[in-house]
Amino acid sequence: MDLIKVEETESTNSLAVRLLSEYSAPFGVMAYRQTAGRGQRGNSWESAPGANVTMSVVCCPDTVRAADQFIISQAISVSIVDVLCHYLPDHVADIAVKWPNDIYVGDNKICGILIENSLNGNSIVRSVVGVGLNVNQTEFVSDAPNPVSMKQLSGCGFNVDDVAGRIGETFLRVFDSARSSDGSAKLRDRYFSMLWRSDGYYPYVETATGHRFEAMISDIGRSGLLTLTERDGRSRTYAFKEVQACLGD
């Protein structure tokens with residue numbers, strides 16, 4: 001995969017779209033400084049210049065139906081976990097996917113993912129997969145509640161270019177293997193096995209109502225919907241942004 005590196009850009013996702021006229025997908029774009037990096041829920045992404053991976057991978061998953069686009073989220077999430085397990089062997093047991101696609105080590109966030117899909121009818125014609133991975137940064141000044149980096153966890157620094165290259169290649173390999181029905185089922189199983197707090201009952205809060213409750217993850221639907229089951233057996237299904245896990249509980 002071609003990985004285009006630039007010193008600075010406002011957003012690698014935005015730059016990747018502009019470069020579609022010059023490069024054929026799949027390709028990746030990496031910036032050493034991102035001036036307006038975007039995260040989920042419209043948040044910004046803090047990244048010290050040159051210290052972290054801020055990159056986007058462009059692919060054209062024209063065999064994936066719009067209804068099945070969550071497979072892209074699963075593929076990049078599993079790929080990031082695989083990459084982190086390679087670099088952080090002492091923390092393998094703690095590396096997990098916080099639904100839908102944040103990557104955690106223990107109760108700390110190490111990676112955020114932003115996926116932007118372009119649709120044509122029932123098919124996805126283009127997907128831009130943005131990744132912000134904390135690599136060598138050791139001080140965080142934003143109001144993000146729980147950031148952590150690879151260097152903080154391991155005590156040593158890493159080559160940011162090497163980490164970015166491994167992410168891109170791993171994602172393309174994982175995504176390619178998931179295109180068959182058998183492959184997509186295996187990917188779903190791997191994704192589910194990597195879920196954060198999947199081993200019992202934990203506190204959640206409904207975004208619209210503020211209702212707090214304890215539940216366990218019982219299912220992730222094909223479209224990415226999260227089903228939580230309370231201790232009394234009652235189940236509720238949520239879309240992204242409709243429910244949040246309570247940190248520190």
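The protein exposes about 11500 Å², and carbon and sulfur atoms supply 46% of that area. Before I go further, please keep in mind that this is a predicted model.

Let me stay with the whole chain for a moment. There are five helices and 12 strands in the secondary structure. The radius of gyration is 18 Å, close to the 18 Å that the globule rule gives for 249 residues, so the protein is as compact as a globular protein of that length. Taken along the principal axes, the C-alpha atoms fill a box of roughly 55 × 45 × 35 Å. Of the 249 residues, 47% count as buried. If you take the contacts with a separation of 6 or more, 64% of them are between residues 24 or more positions apart.

Isoleucine 4 is in strand β1, which covers residues 2-9. Its relative accessible area is 14%; the cut-off for buried is under 20%, so isoleucine 4 is buried. What is isoleucine 4 in contact with, once its neighbours within four places in sequence are left aside? The list is Leu19, Tyr23, Phe27, Gly28, Val29 and Met30.

Alanine 25 and proline 26 are joined by a cis peptide bond, with omega at about 5 degrees. Proline 26 is in the loop between α1, residues 12-18, and β2, residues 27-34. As background, most peptide bonds are trans.

Next, helix α2. Glutamine 74 is in this helix, which covers residues 70-87. With a relative accessibility of 6%, glutamine 74 counts as buried. Leaving aside neighbours within four places in sequence, glutamine 74 is in contact with Leu187, Arg188 and Tyr191.

On to the loop between β4 and β5. Three residues there are on my list: tryptophan 99, proline 100 and asparagine 101. Tryptophan 99 and proline 100 are joined by a cis peptide bond, and omega is about 0 degrees. Proline 100 is in the loop between β4 and β5. Asparagine 101 is in this loop too, with β4 at 95-98 and β5 at 102-105. Is asparagine 101 buried or exposed? Its relative accessibility is 5%, so it counts as buried. The side chain of asparagine 101 makes a polar contact of 3.1 Å with the side chain of serine 73.

Tryptophan 99 brings me to the aromatic rings. The count of aromatic pairs comes to eight. One of them is tryptophan 99 with phenylalanine 240: the ring centres are 6.5 Å apart and the planes are at 75 degrees, so this pair is edge-to-face. Tryptophan 99 is in the loop between β4 and β5, and phenylalanine 240 is in the loop between β11 (235-238) and β12 (243-245), so the pair ties together parts that are 141 residues apart in sequence. Tryptophan 99 counts as buried, at 11% relative accessibility, whereas phenylalanine 240 counts as partly exposed, at 32%.

Another aromatic pair is tyrosine 204 with phenylalanine 213, and this one is stacked, at 6.1 Å centre to centre and 25 degrees between the planes. Tyrosine 204 counts as buried at 6% relative accessibility, and phenylalanine 213 also counts as buried at 6%. Ring pairs link Tyr204, Phe213 and Tyr238 into a cluster. What lies over the face of phenylalanine 213? That is arginine 236, at 5.3 Å from the ring centre.

Last, two backbone angles. Most residues other than glycine have a negative phi. Arginine 197 has a positive phi, near 55 degrees. Arginine 197 is in the loop between α5, residues 181-193, and β8, residues 202-206. At 8% relative accessibility, arginine 197 counts as buried. Lysine 241 is not a glycine either, and its phi is positive at about 80 degrees. Lysine 241 is in the loop between β11 and β12. Its relative accessible area is 45%, so lysine 241 is partly exposed.

That is the end of my list.

Terms used: Residues are numbered from 1 along each chain as its sequence is written. This is a predicted model: local features need pLDDT of at least 70, side-chain atom pairs count only at pLDDT 80 or more; totals for chains, interfaces and linings use all residues. Side-chain values use heavy atoms; hydrogens and water are left out. Helices (H or I, at least four residues) and strands (E, at least two) are DSSP runs, numbered from the N terminus. Buried means under 20% relative accessible area, exposed over 50%, partly exposed in between (1.4 Å probe, protein chains only). A polar contact is a pair of N or O atoms within 3.5 Å; within protein, one must be able to donate a hydrogen and the other to accept it, and residues adjacent in sequence count only if both atoms are side-chain atoms. Rings of Phe, Tyr and Trp (its six-membered ring) pair if their centres lie within 6.5 Å; planes under 30 degrees apart count as stacked, over 60 as edge-to-face and the rest as tilted. A charge sits over a ring if NZ of Lys or CZ of Arg is within 6 Å of the ring centre and within 35 degrees of the ring normal. The radius of gyration is taken over C-alpha atoms; the globule rule is 2.2 Å times the number of residues to the power 0.38. Contact means heavy atoms within 4.5 Å. Accessible areas come from the Shrake-Rupley method with a 1.4 Å probe; for residues, only the protein chains shown count as cover.
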